[in-house]
Amino acid sequence: MEKKVSELLGVTMDKVKEMVDVDTVIGNPVTVEGVTLIPVSKVTYGFAGGGSDLPTKSSKELFGGGSGAGITVTPIAFISIQDGRVNVLPLVTQPTAVDSLVSKLPDAYHRISTDIARRREEKASK
């Protein structure tokens, strides 16, 4: 069974390699009016697979399995080259819910710790 699962995962990884290569992360340069722009992307991917030997009444081995992958390509910046100067031009993206939550943590911590300190002072003064 291990060999069959390994083969499934191997085929999946080969397909991922076909779809994503270094040109996906650092794109091909484009030059317009003396300015060269090189796109930069973030690539995330995941894959999974598994299988099992199935019970059978015959002497034949039965195997059931599957695998799959998912890929996301997100443009994040351009590298600009003009007159020997190199600049990175980040693209502005909408913050995710997690980004918003993380940005609010310091304020929430401050409010909670201030409230706890106030309650302790009130309790001590009684």
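Predicted model: local features only at pLDDT ≥ 70, side-chain atom pairs only at ≥ 80, totals over all residues.
Colleague: Why is the contact between Asp115 and Arg118 called a salt bridge?

Modeller: The side chains of Asp115 and Arg118 meet at 2.4 Å, N to O. The cut-off for a salt bridge is within 4 Å. So the pair counts as a salt bridge.

Colleague: What makes Asp115 and Arg118 about one helical turn apart?

Modeller: Both sit in helix α3, and they are 3 residues apart, so about one helical turn separates them.

Colleague: Which label does Asp115 get: buried, partly exposed or exposed?

Modeller: Asp115 has 25% relative accessibility. Buried means under 20%, and exposed means over 50%. Asp115 lies in between, so Asp115 is partly exposed. Arg118, with a relative accessible area of 40%, is also partly exposed.

Colleague: How do you know that Arg119 and Asp115 form a salt bridge?

Modeller: Their side chains meet at 3.2 Å, N to O. That is within 4 Å, so the contact qualifies. Arg119 and Asp115 are 4 residues apart in helix α3, which means about one helical turn.

Colleague: Why is Arg119 called exposed?

Modeller: Arg119 has a relative accessible area of 52%.

Colleague: What makes Glu122 a salt-bridge partner of Arg118?

Modeller: The closest N and O atoms of Glu122 and Arg118 are 2.9 Å apart. This is within the 4 Å limit, so the pair is a salt bridge. Glu122 and Arg118 are 4 residues apart in helix α3, so about one helical turn lies between them. Glu122 has 39% relative accessibility and counts as partly exposed.

Colleague: What makes Asp115, Arg118, Arg119 and Glu122 one network?

Modeller: Their salt bridges share partners, and this joins the four residues into one network. The whole structure has 4 salt bridges.

Colleague: Where is Val102, and why is Val102 called partly exposed?

Modeller: Val102 is in helix α3, which covers residues 97–125. Val102 has 49% relative accessibility. Exposed needs over 50%, and buried needs under 20%, so Val102 is partly exposed.

Definitions and conventions: Residues numbered from 1 in each chain as written. Heavy atoms only, no water. Helix = DSSP H or I, 4+ residues; strand = E, 2+ residues; numbered from the N terminus. Buried < 20%, exposed > 50% of the residue type's maximum accessible area, 1.4 Å probe, protein only.
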